Amino acid sequence: MHYLRMDLLVCTDTGKLYAVDDKCPPIGTPLDYGQILEGAIIVDPSNKTKFNLATGEHVGPWCPFPLLFGPLILGKLSPPERLGTFPIRAKGGDIQVFLDRQTKEKYEAKYWSGLLDAQGKATGDYY
């Protein structure tokens, strides 16, 4: 049995359910206190980037806040990314979120490769 952390469950005013990552790109801030707007949009409370809850795509400007620092620094250092989303449904009295059982393995494989590449050990290109 696999246990994966489902980060954020959102229910809009219309009763529509969404499951998304709570780790918001680009700097990994939590979306727990994000504002939900009409049209199933969530706003990152720290850098004011907006994401579509259904698709995870960012909407509008990337990293618009804080003024100057957000667009000129954060926005340039990190290219636009999408927010992770999960298929979800309400069945009976339960809420079911469908997760990829390979998520942990995929994440760890990418993480270790990047860590080793940064240290020059994965490919040897840095020696």
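Thr-12 touches Tyr-18 and Ile-36, leaving aside residues up to four places away in sequence. That is a handy place to start getting to know this structure, which is a predicted model. From there, this briefing moves on to rings, charges and a helix.

**Around Thr-12**
- Thr-12 belongs to the loop between strand 1 (8–11) and strand 2 (17–20).
- With a relative accessible area of 12%, Thr-12 is buried, because buried means under 20%.
- Its side chain also makes a polar contact, at 2.9 Å, with the side chain of Thr-14.

**Rings and the charges over them**
- A pair of aromatic rings is described by the distance of the centres and the angle of the planes.
- The count here comes to one aromatic pair. Its members are Phe-51 and Trp-62, and their ring centres are 6.2 Å apart with the planes at 85°, so the pair is edge-to-face.
- This pair links distant parts of the chain, 11 residues apart: Phe-51 is in strand 7 (residues 50–52), while Trp-62 is in the loop between strand 8 (58–59) and helix 1 (69–77).
- Are the two partners buried or exposed? Phe-51 is buried, at a relative accessible area of 0%, and Trp-62 counts as buried at 11%.
- Elsewhere, Phe-65 has the charged end of Lys-48 over its ring, 5.4 Å from the centre.

**The two faces of helix 1**
- Gly-70, Leu-74 and Gly-75 are the buried residues to look for in helix 1. They cover an arc of only 95° around the axis, so they lie on the same side of helix 1.
- Which exposed residues does the face turned away from the buried side carry? Look there for Leu-72, Lys-76 and Leu-77.

**The salt bridge**
- The structure holds one salt bridge. Arg-82 forms it with Glu-57, and the closest N and O atoms are 3.5 Å apart.
- Here too, distant parts of the chain are linked: Arg-82 is in the loop between helix 1 and strand 9 (85–86), and Glu-57 is in the loop between strand 7 and strand 8, 25 residues apart.
- Arg-82 counts as partly exposed at 41% relative accessibility, and Glu-57 is partly exposed with a relative accessible area of 41%.

Notes. Residues are numbered from 1 along each chain as its sequence is written. This is a predicted model: local features need pLDDT of at least 70, side-chain atom pairs count only at pLDDT 80 or more; totals for chains, interfaces and linings use all residues. Side-chain values use heavy atoms; hydrogens and water are left out. Helices (H or I, at least four residues) and strands (E, at least two) are DSSP runs, numbered from the N terminus. Buried means under 20% relative accessible area, exposed over 50%, partly exposed in between (1.4 Å probe, protein chains only). A polar contact is a pair of N or O atoms within 3.5 Å; within protein, one must be able to donate a hydrogen and the other to accept it, and residues adjacent in sequence count only if both atoms are side-chain atoms. Contact means heavy atoms within 4.5 Å. Rings of Phe, Tyr and Trp (its six-membered ring) pair if their centres lie within 6.5 Å; planes under 30 degrees apart count as stacked, over 60 as edge-to-face and the rest as tilted. A charge sits over a ring if NZ of Lys or CZ of Arg is within 6 Å of the ring centre and within 35 degrees of the ring normal. The arc is that of the directions from the helix axis to the C-beta atoms. A salt bridge is a side-chain nitrogen of Lys or Arg within 4 Å of a carboxyl oxygen of Asp or Glu.
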